[in-house]
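This briefing goes through the structure shown below, taking its chains, domains and contacts in turn.

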Amino acid sequence: MSTFADTTFTTPELIRNFCIIAHIDHGKSTLADRMLQLTGVVEERAMRAQYLDRMDIERERGITIKAQNVRLPWQLEGQDHVLHMIDTPGHVDFTYEVSRALEACEGAILLVDAAQGIEAQTLANLYLALENDLTIIPVLNKIDLPAADPEKYSAELAKIIGCEPTDVLRVSAKTGLGVRELLDEVVRKVPPPVGEAEAPPRAMIFDSVYDTYRGVVTYIRVVDGKITPRQRIKMMSTGATHELLEVGIISPEPKPSAGLGVGEVGYLITGVKDVRQSKVGDTVTSERKGAAEPLAGYRDPKPMVYSGLYPMDGSDYPDLREALEKLQLNDAALTFEPETSAALGFGFRCGFLGLLHLEITRDRLEREFGLDLISTAPNVVYRVIMDDGKEHVVTNPSDWANGKIAEVYEPITKCTVIAPSDFIGAIMELCQSKRGQLAGMDYLSEDRVELRYTMPLAEIIFDFFDSLKSRTRGYASLDYEEAGEQSADLVKVDILLQGEAVDAFSAIVHRDAAYGYGTKMATKLRELIPRQQYEVPIQAAIGSRIIARETIRAIRKDVLAKCYGGDITRKRKLLEKQKEGKKRMKMVGRVEVPQEAFVAALSTEDSGSKDKKK
Amino acid sequence: MDVPSALPVADPAPADGSLPASALDELGSRPFGVYVHVPFCAVRCGYCDFNTYTPGELGSSASPASWLEGLRRELDLAAHVLGSPPAADTVFVGGGTPSLLGAEGLGSVLAAVRQSFGLAPGAEVTTESNPESTSEQFFAGILDAGYTRVSLGMQSAAQHVLAVLDRKHTAGRPVAAAHEARNAGFEHVNLDLIYGTPGERPEDLRASLAAVLEAGVDHVSAYALIVEDGTALARKVDRGELPAPDDDQLAAYYEMVDGTLSGAGLHWYEVSNWASSEAARCRHNLGYWQGGDWWGAGPGAHSHVGGVRWWNVKHPARYSAALARGDSPAAGRETLSAEDRRVERVLLELRLAEGMSVRVLDEAGREQARRCAEEGLLAPEALVGGRCVLTDRGRLLADGVVRRLLP
Ligand SMILES: Nc1nc2c(ncn2[C@@H]2O[C@H](COP(=O)(O)OP(=O)(O)OP(=O)(O)O)[C@@H](O)[C@H]2O)c(=O)[nH]1
Ligand SMILES: C[S@@+](CC[C@H](N)C(=O)[O-])C[C@H]1O[C@@H](n2cnc3c(N)ncnc32)[C@H](O)[C@@H]1O
Ligand code: SF4
Ligand SMILES: [Mg+2]
């Protein structure tokens, strides 16, 4: 079946570009499903839940990680239109995806779960959309739920956006109720794209993906002029030129087209094999008679959190490098650099957008590339000024020298917590203990409140989200964004096994929290490390000062004292099994440390790893 | 000696039981033993996973008579396979409960061994016995039949410990049986102890040790209770009805056993075995630890000849059926590589008071041996003399030492 949207070079007046933004889990991808069905681009039998969550890891975790765009046909009052819809992720780690999607749109559907109300990422994404001057269409989702309270939450939403509660649409992405009307509203409310059809072509690269079969697929939105397959194109930031192999649209599978005109969203394929040659935020123009001025680009995503990744088996190091390189092709936010650890051998210091990003990357490395990894405790980036005036950027605690330091700067964030007002006291207490400073508080409705704090990023990535959830019985949501740096009294706490510092366990913490960290780690390790043939003291120290101490008592018995008679084979098999077990141990000095101990000791009960959903 | 119930996976064994010439060539270079497995018990003890069956489990599928029939056939087959079989230096009838066969039954067993192999002069001939199925007449009978040594499953002198172990004998019976055996004329009598049974207090173990000393035996085996998978004991521990034995407690008990016994002149010669003199050591078991050759006959029995190990089918009915067909009852076997044999030497010889020659170790292993000596796990003076000998502390950590010596 062919539709109006199959042909490109649509008049801009008939195009609407919009994205769906929301807090995690409020139903963006499910709403996108209904749109795919109602517009007929996905047949009934091909349909599956969260159709656009294509990656295994997305399907398994039930969350969206990458934004996805689709071209849809829609008729309003007998007039055909073309819609470009982008489904975005809701998790704070992937805000970067949202901000890129917003650049390709004139409007945004702000979706809110009618049983939950506004949450932290609802606000964060709303503000992003407003910064981009997008038209906002407020929508309550999940109105089929018995717990839905549309009256209350339309009022909340209206108050935030500055509209009337009656302007808030109500849909059920699950049943499809109200979705037709929503699409009509999109056509009515979202302004059509504007651009100069006759001007030299300019198209914004908003995503760039490596595909094993097709090479680099670059997603663009055309602003001026047109892009056709017969052109040679030029990347304006580098001046590099490429032949176009294919230009097409996504609906929802890629389809080659005759080209893309003003306001249209689609993809192009050149021969390049490296996504870095097709940089997100760059402007594409034609080689001949190209544009002079590029479009305003994006800021590169900046890693917020660092962690060392080490192969359990040292000989996997080259494989790990290769795997990281492959992942990076699709993930501009992932950075890595080789590093060595006395305890863990050769590995990489990797930069991530957040803990979920870290966890997902690690998970993919293990599953897609068959690697067995240890990751060190995540840390943020510090700017350290030494006594001699020299400045270092520290992304790895073991590069930190206690003493000789004049001043340390740590990244801070603006964070937003939304919760029922009953929990204000508990939240304030928690934030205070995490060195947070209250920046403001607003009531969203009678019994729901938004608290704004300035807080060190390091405190947030430690175990803030878990504590927040447990103190609010799961009701609080959290969002944060970077907000510069501040000087702080920080120290490095080392953990020593038998007197030797284990670099993988070192952490940089606020002086007031050093004792707590030291005690916690020492206790954890005492439980995690099996008893050895000799006593193993575990110490936590700041420099040479010991601040906590535990001891793993020596094992007293490790001998099979039972007669197996003549069955020597069984004895030998038992030994082989024990030696297998020993292989899974890392030797730290003379101490055998099981992999699980590293994993468990280094897992900060954090916002990313335990509760993926914010 | 006994046969555990889990069989290793390995190559199939040839139906005729034949052995490679390379293995046969080694025959005669070491002492030769015969083990006979008696797979019958009156009841199954809750902790035991050895290859043994109660009459209820067997029904009519097998009986001591059909077993003896099969045994005779296997011993014949052995003599045939080995060509000119060496006379047995040691014979060990284990189980299960050999004493259930009675003196007469045990006499027939030994007669069958004699017929196929013959006994070397001064041969050691042991039978295991459960105290409750022995008597003065029993001991007199087996002495008369040619047995030279008796091993009694005492386990404990505390009635409540015996109850947890499901042992049927009364607390005083093992010592009485030991006296009867000695009075009958047995010079060599062993008592088996189990320590670390849930509920066993230090004073219980002390009482058991006192009873052992009172019995005046020349040999003691003491084993830490092992909770074996699939046993009734394991189920009780899993359900939380009984606590699992604690390693620190077991270590303390081991030290108590070793201290008491050596104080009374019984010295360790293997991690779990003590004897009053060199002559009192069990030569048959030493054969296992020193790489000796032996033919293990009976269901589930293990054998070793010149670097080839094999084991029989476990069920008595299948065992007898195979032999009735004229086939070897072997279920599987493995041919040890030179490295396998080296590993086994470390594994086994290190457990002996005599220790192991450092020449068995590779360079990395020798380096580890030096470290172990520094750490007090191996005796430094013995190491200077070229032998790895466990210290008192090393004995309790022997498995870890073995892993280190085989890096
Ligand atoms: N009852 C009900 N459940 C819904 C509705 N819409 C979505 N859900 C459910 O809500 C959960 C989250 O839906 P998704 O569509 O994956 O949410 P999302 O906003 O895309 O989540 P992220 O991409 O991870 O931010 C799923 O279990 C959906 O089945 C609805 O209208 N009614
Ligand atoms: C299998 S029994 C055979 C002899 C005889 N039926 C008896 O029980 O006395 C040999 C010895 O192994 C020991 N034994 C058996 N099962 C054991 C276990 N699970 N843990 C420790 N020792 C065990 C007991 O001391 C037992 O006396
Ligand atoms: S009597 Fe001995 S062989 Fe028989 S079940 Fe008890 S421990 Fe096992
Ligand atoms: Mg989604």
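How does the radius of gyration of chain A, with 614 residues, stand against that of a compact globule? In this predicted model, chain A has a radius of gyration of 27 Å, which agrees with the value near 25 Å that a compact globule of 614 residues would have.

**Chain A**

- The C-alpha trace of chain A spans about 85 × 65 × 55 Å along its principal axes, and 49% of the 614 residues of the chain count as buried.
- Chain A contains 13 helices and 30 strands.
- Taking the contacts in chain A between residues at least 6 apart in sequence, 71% join residues that are at least 24 apart.

**Contact between chains A and B**

- On the side of chain A, 25 residues are in contact with 41 residues of chain B.
- The residues of chain A that make up this side divide into nine nonpolar, five polar and 11 charged.

**Domains of chain B**

- The domain assignment of chain B gives domain 1, covering 21–289, and domain 2, covering 337–407, and the C-alpha centres of these two domains lie 28 Å apart.
- Seven residues of domain 1 of chain B are in contact with eight residues of domain 2 of chain B.
- On the side of domain 1 that touches domain 2, the elements of chain B giving two or more residues are α10 (247–263) and β7 (267–270), with β7(B) providing the largest share, three residues.
- By class, that side of domain 1 of chain B has six nonpolar residues, no polar residues and one charged residue.

How values were computed: Residues numbered from 1 in each chain as written. Chains lettered and ligands numbered in written order. Predicted model: local features only at pLDDT ≥ 70, side-chain atom pairs only at ≥ 80, totals over all residues. Domains from an automatic or database assignment. Contact = placed C-beta atoms within 7 Å. Helix = DSSP H or I, 4+ residues; strand = E, 2+ residues; numbered from the N terminus. Nonpolar A, V, L, I, M, F, W, Y, C, P; charged D, E, K, R; others polar. Rg over C-alpha atoms; globule rule 2.2 N^0.38 Å. Buried ≥ 20, exposed ≤ 12 C-beta atoms within 10 Å, placed from the backbone.
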